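Dear colleague,

I am passing on the structure below, followed by an account of what was found in it. Please read the notes with the model open beside them.

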Amino acid sequence: MEPFQIHKGLVYPLNRSNVDTDQIIPKQFLKRIERQGFGQFLFYHWRFDDNGHPRKDFSLNEEKYNGASILLGGENFGCGSSREHAPWAVQDFGFKVIIAPSYADIFKNNCGKNGILAIQVSEEKVHELMKRAENDQYHLTVDLAKQLVFDDTGFEVSFDIPAYSKEMLLNGLDEIGVTLNYEDKISQYELSVGA
Amino acid sequence: MQKPKNIIEKIWEQHVVHHEDGKPDLLYIDLHLVHEVTSPQAFEGLRMSSRKVRRPDRTFATMDHNVPTRERHVIKDLISKTQMDTLKNNCEEFGVSLADIHHPDNGIVHVIGPELGLTQPGKTIVCGDSHTSTHGAFGALAFGIGTSEVEHVLATQTLWQSKPKTLNVKVNGKLGLGVTAKDLILAIIAKYGVNFGTGYVIEFSGEAIRALSMEERMTVCNMSIEAGARAGLITPDETTFAYLKGRRHVPKDDEFEEAVAKWKFLASDEDAAYDFTLEIAAEEIEPQVTWGTNPGMGLPVSGSVPDPSLLEKPSEREEIKRALDYMGLEAGQPITSIKIDHVFIGSCTNSRLSDLRKAAKVVHGHKVHSSVTAIVVPGSMSIKLAAEKEGLDTVFTEAGFEWRDAGCSMCLAMNDDVIPTGERCASTSNRNFEGRQGNGARTHLVSPEMAAAAAVAGHFVDVRKFAAQEVL
Ligand code: SF4
C-alpha cells in the first residue's frame, strides 16, 4: 500500500445519497481475477449508455472534472455489497480521497485497506463543498497528519480518524505483515480454546 | 457480581486474541467461508508474498455467484469460467475444501454453511460477502468483509476489528396470518431506513422473533446489512439446537449435549445493556412490497407509491423522483396495480426448503399468468433434491414455473439469468438496486408467498386475500 500524507486535487461532486456498490461497479465487471483495471467500469451505467457512449447528463463526463482525484459523495456512501472491486474502481479511476457525510461500514473499511482516505465531515460542510465544486473547478488539499481539509481561499474543516487507521495509511503498512508479529499470541489463543 | 452482558459482547470477549487500548481488537475467526468472486485477488496476494492459509480446516469454499442454473456443466461465459477455475486451483494449491459445481454440497454460501452444520452458535464467521449476516440466526457473530480482509483471514485467521455498538431490535407480539419473516425485516427497513444499523451489530429479540423457525430467522438476519448493520444475530434456543442436531459438522452425542450447555450461556443476560433499543409491534406489519431502488423504499401491499411532490426536503424529493423514473412507476399508483413480467424465487434470503414449500402451496392448482416468466432456484443442490422428493418441483412446473439448479442466479444476475432492460420482477432476494438483476431491470422485493401469488395474478396481490380459502 502507498503511504498517504498530503494530497491536493480536483474535486468531483456526486450529489446523491445511498450510492451503492452495485452502482460504483456493476456486477458484470466483477469477474476479473486481478486487482487492477476496474477504473474504466466505475459508475458504468451512469457514465455510459447502452451502446457504450458517454452520457451527456452525467457530470463525471464533463471536461471540467477531468483528472479529479477527490470524490465528494452523499450520505451512506458505498452501501450494499461488500465487493472490494468498488474501492478498486474508485482508486483505479484516479480518486485518492472520498469526502462524504457518512459511509457504509464495509466500504469505508475497504477504502482504508487500499490506501484511499475516506473522510467523514458534516452534511453542512459537504453541502458547502458541493456548491463550490459544482460551479467551478475546485481544488482541495487534504493533510492526513494534521487531519485537515482546506482550500486556497480560507475554507478549512478538520476530520476524525481512528489512530490505528491513520498510522496504517500514513505509513502505507502491510496489515498482514503487522498481524504476523502477533503470531505467538494467535497460536496461544488457539491452544487455550482448543481450536 | 459481573456486569450483565448481551450475546454480542459475550462472543466478542471470547474471541479477543490481543487487546490494546485505543486500537481495534485482534479478533479470532472460527469459520471462513469463501466464494469465487471475492477471493481470487486474496489468494493471489498470498502467493505474491509466499504466505500460506493458516487454517485450511476452518476455511470452506463454494461456487455460487456465477454458476449456471440450467445445464450446470456448460459455462458459456469464459470469464465466469476463469473465475470458477481460479477458485478450484486456489483451493487445491492452498488445501481448502471446496464444494464445486459438481459437488452434492454445492449451493449458495449462506445456505450451505447452516445446512452442513458449519454455522454454530457462538462462532465468529466471516465471508467476502455482505450477506454473511445470515449466519447470525444461530447466535453467531457473522459479518461480511472485503477481499483484503479475506486475504488477512486466510493468512492469520484473525481480523483487526473495533468493538461494534449494540442495537436491540425487539419485535413484540405475533405476526399476523400470511405475514412472513421477510415482511418483518422489509417493514423494519422501510420504517427506519437503510442506514439505521450502521456501526451496530443488531440483536433481534422479542416474542415474534422467538416464534420464528431457523429458516425464517435466517431470512431476518440475512437482511441486517440492508439496514446498514454488518451483523445481526438471534440468541440460540431450543429451535436452534433442534435444527443443528445431527448435521454433519455439529458435535455428536455427548459432545452435542456439552455444546448445547455452552451455547445456552451465550444468551444475553436479563439486564444486559445495549447502545440503542428499538421496539416494534409485530401485529402492525402487513405483507410488504418494495417500490424503489433501495431496500428501504418499501410499503405494505395495501399502500400506494409515494408522491415526491408531497415531500419537503429537496434531496428526498429528488431521490424518490429518480427512483420512480427508474422503476417506471407513477406517483400515487396502488401497489396492487403494478404488473410484473418476471418472478424469481431464490437467493440466500428465501431459497430454503420451507420457502419453496410455502410458495408451492400458493401456486398449487394455479397457472402462472400468461405474461409472466417465473423461475425457482433452490439455494443448494441438497434443497433441490429434498424438494423433488416432496414433489414440489412438479407443483411448480405444472403451474408453469421453471425449476432450476442451485445458485445465486437472478439475485445479482452474474450468470445468464438476467432480467431484460425495462422489465419488472417480483423477487424474493434482498436488493433492488438499479441494475442489480440486469441493466435497467426493475426489482420489487417480496416474500416467497407474495412472489408466488404475483406470478399467478400477473400483478401484486395481497397473498392473504389471494389464498384465503386454501392456503392459510
Ligand atoms: S444469493 Fe444474492 S445476496 Fe445471496 S450471496 Fe448470492 S448474490 Fe449475494
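**The ligand and its surroundings**

The ligand is surrounded by residues of chain B, namely H65(B), I108(B), H110(B), D129(B), H131(B), S347(B), C348(B), C408(B), C411(B), L412(B), N430(B) and R436(B), and please bear in mind throughout that this is a predicted model.

**A sheet in chain B**

Chain B has an open sheet of three strands, which follow the order β1-β2-β8 and pair in antiparallel fashion. Because β1 (16-18) and β8 (158-161) of chain B stand at the edges, each with a single partner strand, one side of each is left without a neighbour in the sheet. From one strand to the next, the twist averages 40°. Strand β2 (residues 25-28) of chain B is joined to β8(B) by four bridges, the two strands running antiparallel, and Y28(B) has T158(B) in β8(B) as its bridge partner.

**Aromatic pairs**

Over all chains, the structure holds 22 aromatic pairs. One of them is formed by F29(A) and F41(A), whose rings are stacked, with 4.0 Å centre to centre and 5° between the planes. Both F29(A) and F41(A) lie in the loop between α1 (21-24) and α2 (44-47) of chain A, twelve residues apart, and the pair links distant parts of the chain.

Note on methods: Residues numbered from 1 in each chain as written. Chains lettered and ligands numbered in written order. Predicted model: local features only at pLDDT ≥ 70, side-chain atom pairs only at ≥ 80, totals over all residues. Heavy atoms only, no water. Near = heavy atom within 4 Å. Pairing = 2+ DSSP bridges. Axes fitted to C-alpha atoms, helices over the stretch in contact; angles between N-to-C directions. Phe/Tyr/Trp six-rings, centres within 6.5 Å; stacked < 30°, edge-to-face > 60°.
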